[in-house]
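Okay, everyone, thanks for coming.

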Amino acid sequence: MSQRPRLTRQYWEGTTAADFTLDGVYQRCQQIGQVLQAQRWRCLVTHDTRFMAGQFARYAYLVLQAQGVTTAFFSPPAPFPAVELALEQR
């Protein structure tokens, strides 16, 4: 029986508007999308309540989708443990 890959978080620490820009999100998502495509993995994009997190997450979702990655977007803010539990329980 095949187990699904363990969930991982992508951390990106920086200052909003200095390090977190749409161009930065685009570049990071291009790299992540290439790995996801190569492994034929799907992706769930969600966010927390930090400043502009929802907008950055929506943009990440669109960039990944444009690359052909099977991507889902969870629009309300959600803490990672809650997302992990929901995915485990399907």
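So, Cys-29 is buried, with a relative accessible area of 7%. Buried here means under 20% relative accessible area, exposed means over 50%, and partly exposed is in between, using a 1.4 Å probe and protein chains only. Quick word on where this comes from: it's a predicted model, where local features need pLDDT of at least 70, side-chain atom pairs count only at pLDDT 80 or more, and totals for chains, interfaces and linings use all residues. Residues are numbered from 1 along each chain as its sequence is written, and side-chain values use heavy atoms, with hydrogens and water left out.

Back to the cysteines. Cys-43 is buried too, at 18%. How far is the sulfur of Cys-29 from the closest cysteine sulfur? That one sits in Cys-43, 8.0 Å away, too far for a bond. A disulfide is a pair of cysteine sulfur atoms within 2.5 Å, and by that rule we count 0 of them.

Helices (H or I, at least four residues) and strands (E, at least two) are DSSP runs, numbered from the N terminus. In soluble globular proteins, nonpolar side chains tend to be buried together.

Now the rings. The structure has 1 aromatic pair. Tyr-61 and Phe-73 have ring centres 5.5 Å apart and planes at 40°, so we call the pair tilted. The rule is that rings of Phe, Tyr and Trp (its six-membered ring) pair if their centres lie within 6.5 Å; planes under 30 degrees apart are stacked, over 60 edge-to-face, and the rest tilted. Tyr-61 is in helix α2 (residues 53-66) and Phe-73 in strand β2 (residues 71-73), so the pair ties together parts 12 residues apart in sequence. Both Tyr-61 and Phe-73 are buried.

Is Phe-74 buried or partly exposed? Partly exposed, at 40% relative accessibility; Phe-74 lies in the loop between β2 and α3 (80-89).

Last stop: Gln-34, in helix α1, is exposed at 53%. Gln-34 and Val-69 are 35 residues apart in sequence and 8.7 Å apart in space, C-alpha to C-alpha.
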